[in-house]
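Trainee: Could you walk me through this structure? I have not seen it before.
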Amino acid sequence: MKLLKKLLRDIKQSIGQFLAFVLVITIGAFFYTGLVTLSDNLSSYSKDYFQTHNLSDLNVYYDQLSKQDMSKLSGIEGIKKVEGRYTFDAAQSFGDTKAALKIHSIPAVNSINTPTIVEGKIPSSMDEILLDSHYAREHQYSVGNQINLIVNNANVAFTISGLGENVEYAKKNETQDHKTFGFAYVAEAGIPRIAGNLYYNEVLIDAEEGYNIERLGQNVEAQSQQLSYVSQISKERTFNYSQLQQTVYNNKLMSKVIPLVLFIIEAIILFLTMSRIIDSQRNQVGIMKALGVKNSSIMLHYMGFPILVGIIGSILGCIVSAIIFVPMIEASNARSYSLPNITFSLSPFSIIMPILFSSAFGMLACYLSGIGILREHAAQAMRPKPPRKMKKLLIERLPKMWGRISYSNKLILRNIFLNKQKAIASSVGVVVSTVLLITAFGTQTSLQRVADQIEEVNTYDLKVEYTKGAELEKVELPTGIKSSYVQSTFPVEFTKGDEHENATLTVTEKDNTLIQFFDEKDNPMTLMDSGVLIPKSYANQYKVTIGDTIQIRFTDPSFENKTVDMKVAQISNQYSNPSFFCSIAYLNSFDIDYKPTSILVKANNAAELPNVRQFFEQDSQVDTIADKDDLKKSAQFIMKQNSFIFIMFIISAVILSFGAIYTISSINIYERNRELATLKVLGYQKYKINRLIFSENMILTTFAVIIALPISVYMYSIIIEALSSTHQQIPDQINIFVMLVSIMIAFLLTTLSNLMLQRKVSRINMIESLKSLE
């Protein structure tokens with residue numbers, strides 16, 4: 001009980017230092033609980049959502065398929081169930097804004113890609129439609145309203161029977177734009193109204209558990225030789241599924257990397273501080289030993305400090321995370337995905353890890369710091385450490401130079417070199433803080449670079465995607481076009497040795513100036529006919545260098561699993577949506593028939609762009625049109641979706657840095673009470689004593705910053721490598737501006753901590769401090 005009272009008294013006497021520790025632990029717990037909540041909830045929900053609503057394993061497209069033809073497919077090996085549907089495009093105009101809808105028929109008994117009904121019911125008659133609830137909200141539609149659509153240049157009216165969401169549209173597009181794109185479902189009875197008679201052009205396949213999807217695709221294509229087969233796409237390659245899975249993967253990485261970095265920093269600060277606290281109380285340890293207190297009890301007494309800090313800080317971090325982080329996660333997720341009824345809630349068990357980590361590191365620090373003193377005899381521990389002998393400084397051996405230095409500066413230099421270990425320990429805290437600041441600002445800057453590159457790489461005005469089977473060589477282009485290039489994108493499997501991964505291969509003209517390529521040093525480059533250009537993200541992951549040979553297998557069934565060996569001619573920085581690129585001539589060298597599927601267009605000027613766009617919109621073969629505004633929205637969306645985490649990371653870095661600098665500076669003052677009291681007795685003015693401490697801390701901060709710069713570059717590279725994947729490259733270079741800003745903040749925090757500690761210096765009791773050795 002007496003030791004508990006002493007612990008509480010020690011905390012009261014150094015309440016500022018205690019609160020700084022609590023703040024450090026709170027930040028770590030805040031990030032850990034928030035990121036783990038995001039990762040675990042999204043992962044478990046998406047897995048359950050896809051399973052409950054039975055997302056199709058394979059979508060197969062035909063020109064025209066009867067019910068009898070579709071029933072034959074159900075007997076193919078590996079298929080558990082099939083559903084046929086008719087898919088068509090519709091459009092709506094709202095003044096200057098146009099919206100596109102993808103509409104599917106839905107059978108009376110639906111078991112694949114089942115919708116979630118938000119309001120109303122599934123359509124049953126030919127004039128009813130189930131509308132995307134987000135699209136309906138944007139355009140103020142409700143159940144019972146009539147909606148007029150343009151289908152095949154004709155106006156078709158439907159009555160909205162219900163509003164809903166569907167598992168196949170959890171992610172609609174890059175920016176999750178609900179205003180200009182939506183989806184809907186009509187009853188099978190409504191197909192003749194659109195198509196003229198009842199038939200299907202798409203088949204949804206539910207595969208048997210564990211059956212190889214690629215093999216299944218080959219079986220389906222083989223059985224479709226006599227049918228009007230067009231193409232197919234597996235679940236893993238759909239934009240919806242792949243984007244959500246990539247988000248889950250990235251969130252899991254962040255939930256491990258960022259909290260780990262914060263806990264390591266907390267551990268270092270705790271270790272340094274607890275070591276010096278116990279060392280400064282060696283005489284109290286000696287008294288307790290003399291009074292018969294067991295060594296284990298003394299050790300547990302000091303371990304109570306970090307345990308109490310860990311518990312309080314972890315609880316506060318969890319509470320703050322529930323109030324701030326979780327609502328931000330919910331808002332961010334709502335903008336990114338359409339996941340009905342998803343909730344994010346903190347698990348009570350998430351608080352356990354921060355408590356265990358912080359307490360364990362604090363207890364370890366106490367043990368390593370106190371074991372030496374506890375091994376000493378009581379009388380020996382009660383005596384102060386003998387003063388250290390100090391050799392002359394190098395500058396002291398230069399009398400003329402030493403004589404020009406003021407007395408205050410001499411005191412500073414002698415104190416630093418007399419207590420080298422303490423000075424280094426203080427510097428370590430500032431080094432860690434500066435490293436964290438540079439890493440936080442550097443990561444945010446890199447995120448901005450990812451968004452900026454989207455517009456730098458794609459310099460076209462319009463990207464026109466054509467429907468399957470369109471012959472682009474015969475397409476007539478409108479007037480007002482400055483330049484245009486064709487391209488096509490193929491789903492492929494990249495193979496290097498025994499490793500392989502899904503990817504995309506984009507084939508375009510060698511001199512295509514509407515897509516810019518940048519090498520690993522961000523220098524512009526052009527495609528070559530001698531090999532393939534691969535993203536740096538894949539090159540880093542699979543240790544690929546220029547001159548290597550990789551295997552590319554075309555996974556589209558129409559290519560019959562054709563595999564080619566391609567030489568790596570170039571490696572490029574592709575921060576967003578990385579793709580393999582090659583020229584048309586290089587693809588033709590493998591006897592592969594090249595058929596472009598899209599055209600990139602650059603208008604003569606902005607005035608002619610509307611007419612050019614209108615020309616393509618009137619072409620029945622055009623599937624979709626993307627423009628510069630879409631690119632800008634994509635860039636802004638990336639920043640908006642990810643910046644809040646890194647902004648909080650920066651704020652946390654600043655708070656952690658202040659906590660570290662304040663704590664270490666506070667201990668310095670505590671340890672120098674006798675010295676500072678002596679100066680006060682000798683008549684040293686208050687402002688001079690404060691300047692003495694301030695100057696010493698600034699010197700240590702300067703030294704720490706110099707040491708921190710190379711360490712920051714290394715730490716930043718580790719974090720970027722951990723957060724990067726084959727589908728996401730993050731720039732791994734820190735610019736000078738980031739370093740300068742971080743250094744300025746480090747000095748600013750040192751200044752602020754000094755100002756806050758001036759009161760502590762003024763409250764030093766001269767008599768008690770000078771009598772402390774008696």
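Mentor: Let us begin with a term. A crossing of two helices is right-handed if the near helix is turned clockwise from the far one by less than a right angle, and left-handed if it is turned anticlockwise. Please also keep in mind that this is a predicted model.

Trainee: Which way does α9 pass α10?
Mentor: The crossing of α9 past α10 is right-handed. Their axes come within 8 Å and cross at roughly 155°.

Trainee: What does that angle make them, roughly parallel or roughly antiparallel?
Mentor: Angles over 145 degrees count as roughly antiparallel, and α9 and α10 are therefore roughly antiparallel to each other. Helix α10 covers residues 352–374, while α9 covers residues 295–336.

Trainee: And how does α1 pack with α9?
Mentor: Helix α1, residues 2–13, packs with α9 at an angle of about 45°, and the two axes are 10 Å apart. That angle makes α1 oblique to α9. The crossing of α1 past α9 is right-handed.

Trainee: Why give both an angle and a distance?
Mentor: Two packed helices are described by the angle between their axes and the distance between those axes.

Trainee: Staying with α9, where is I315, and is it buried or partly exposed?
Mentor: I315 is in helix α9. It counts as partly exposed because its relative accessibility is 38%.

Trainee: Which residues form a nonpolar patch with I315?
Mentor: The patch on the surface consists of I311, I312, I315, L316, I319, I323, I324 and M328. Together these residues have about 630 Å² of accessible area.

Trainee: New topic: how many salt bridges does the structure hold?
Mentor: There are 14 salt bridges in the structure. One of them joins K235 and D57, whose closest N and O atoms are 3.3 Å apart. K235 lies in the loop between β11 and α7 and D57 in the loop between α2 and β1, so this pair ties together parts 178 residues apart in sequence.

Trainee: Are K235 and D57 buried or exposed?
Mentor: Both K235 and D57 are buried.

Trainee: What about K102, which residue does it pair with?
Mentor: K102 forms a salt bridge with D89, and the closest N and O atoms are 2.8 Å apart. K102 is in strand β4 and D89 in strand β3, 13 residues apart. K102 counts as partly exposed because its relative accessibility is 24%. D89, at 39%, also counts as partly exposed.

Trainee: And D461, where does its partner K602 lie?
Mentor: D461 and K602 form a salt bridge in which the closest N and O atoms are 4.0 Å apart. K602 lies in strand β21 and D461 in the loop between α14 and β12, so the pair ties together parts 141 residues apart in sequence. D461 counts as buried at 7% relative accessibility, whereas K602 counts as partly exposed at 22%.

Trainee: Which residues are linked in a network of salt bridges?
Mentor: R85, E168 and E202 are linked in such a network.

Trainee: How far apart are S231 and Y62?
Mentor: In sequence, S231 and Y62 are 169 residues apart. In space, they are 7.2 Å apart from C-alpha to C-alpha.

Definitions and conventions. Residues are numbered from 1 along each chain as its sequence is written. This is a predicted model: local features need pLDDT of at least 70, side-chain atom pairs count only at pLDDT 80 or more; totals for chains, interfaces and linings use all residues. Side-chain values use heavy atoms; hydrogens and water are left out. Patches are made of residues with over 30% relative accessible area and no salt bridge: like charges are joined within 9 Å, nonpolar side chains (Val, Leu, Ile, Met, Phe, Trp, Tyr) within 5 Å. Accessible areas come from the Shrake-Rupley method with a 1.4 Å probe; for residues, only the protein chains shown count as cover. A salt bridge is a side-chain nitrogen of Lys or Arg within 4 Å of a carboxyl oxygen of Asp or Glu. Helices (H or I, at least four residues) and strands (E, at least two) are DSSP runs, numbered from the N terminus. Buried means under 20% relative accessible area, exposed over 50%, partly exposed in between (1.4 Å probe, protein chains only). Axes are lines fitted to C-alpha atoms, for helices over the stretch in contact, and angles run from 0 to 180 degrees between N-to-C directions. Angles under 35 degrees count as roughly parallel, over 145 as roughly antiparallel, 65 to 115 as roughly perpendicular and the rest as oblique.
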